[in-house]
Amino acid sequence: METILDILAVVILIVEVILLFKLRQQRFQQHLTGGVRAMVLVAIILFPVLAVLLGNYHVFVTTKESTTCQSCHVMAPMANDMMFDATSQTLAARHYKNGWIAEHECYSCHADYGFQGTMKAKLDGYRHLMRYVTKTYEEPIRYRGEFNSMNCYGCHEGSRTFEAVEEHQPVIENLKSDDASISCLNCHGRAHPEPSRRTPGHEDYKWLSNPKNREISSKDANEVKEYISNLAVSNK
């Protein structure tokens with residue numbers, strides 16, 4: 001789909017350049033013909049509007065990709081912790097390392113279920129992009145609102161390992177009753193690094209912003225491999 005959008009954008013650009021060139025050739029005519037008027041309508045009004053709509057649609061589509069979140073400087077600490085820190089024990093990193101979410105990792109957790117949830121998530125992504133482009137944000141960025149634990153339950157529902165945990169039973173009832181006081185994060189820890197570590201000037205901020213600034217020892221790497229192996233066995 002993205003390839004089709006890219007090709008369409010290039011076609012629009014080429015046609016727009018041709019139309020503007022034709023209009024330039026006709027600029028000294030006192031009376032514009034019907035064909036020239038049509039070119040004016042298409043080149044100056046219709047194509048720019050189409051380009052704006054296409055660009056916005058492209059933004060809505062790409063907000064589902066985790067690499068899109070990573071491309072913004074302020075989101076890099078969350079994405080790098082999830083995707084590149086082998087020693088991280090945040091929920092996002094554990095899900096990513098174990099492949100518990102096949103694709104669209106960020107979007108899968110942050111988008112509420114249903115059509116309304118999909119639109120809200122994409123509009124939030126668009127709002128985040130605008131805040132980033134206009135530099136109207138402060139670090140560390142904070143999540144606005146409450147995380148919907150039903151997003152977690154939507155994936156874990158029906159899982160034998162999840163339902164076998166006795167402590168999950170009363171939680172499930174509360175989740176189904178839409179009790180906002182219940183959060184999966186209460187027991188399972190933070191989804192992302194705490195705000196203090198994501199604040200410029202903190203000792204961890206440098207490598208959270210760029211994982212190349214951190215070297216992981218072979219001991220840490222072996223411990224992580226053993227941890228992941230044990231999780232894989234326990235979840236079979």
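Buried, the term that opens this set of views, means under 20% relative accessible area, with exposed meaning over 50% and partly exposed lying in between (1.4 Å probe, protein chains only). This is a predicted model, in which local features need pLDDT of at least 70 and side-chain atom pairs count only at pLDDT 80 or more, while totals for chains, interfaces and linings use all residues. Residues are numbered from 1 along each chain as its sequence is written, and side-chain values use heavy atoms, with hydrogens and water left out.

View 1. Let us start with the overall picture: the chain holds 13 helices and zero strands. Helices (H or I, at least four residues) and strands (E, at least two) are DSSP runs, numbered from the N terminus. Of the 236 residues of the chain, 28% count as buried. The accessible surface comes to about 15,700 Å², and 59% of that belongs to carbon and sulfur atoms; these areas come from the Shrake-Rupley method with a 1.4 Å probe, and for residues only the protein chains shown count as cover. Contact means heavy atoms within 4.5 Å. Among contacts between residues at least 6 apart in sequence, 63% join residues at least 24 apart.

View 2. Which residues of α4 are buried? They are A76, P77, M78, A79, N80, D81, M82 and M83. These buried residues pack against α3 (66-71), α5, α6 and α12 (205-209).

View 3. One joins the side chains of E194 and R197 at 3.9 Å, N to O. In the other, the side chains of R197 and D204 meet at 2.8 Å, N to O. Together, E194, R197 and D204 are linked in a network. Is E194 buried or partly exposed? E194 counts as partly exposed because its relative accessibility is 31%. R197 has 16% relative accessibility and so counts as buried, and D204, at 16%, is buried too.

View 4. H104 is not a glycine, yet has a positive phi of about 50°. This residue sits in the loop between α5 (91-97) and α6 (105-110). With a relative accessibility of 18%, H104 counts as buried. K135, also not a glycine, has a positive phi of about 60°. Its place is in the loop between α7 and α8. K135 is exposed, because its relative accessible area is 56%.

View 5. Where does P140 lie? P140 is found in the loop between α7 (115-133) and α8 (150-156). The peptide bond from E139 to P140 is cis, with omega near 0°.

How values were computed. Salt bridge = Lys/Arg side-chain N within 4 Å of Asp/Glu carboxyl O.
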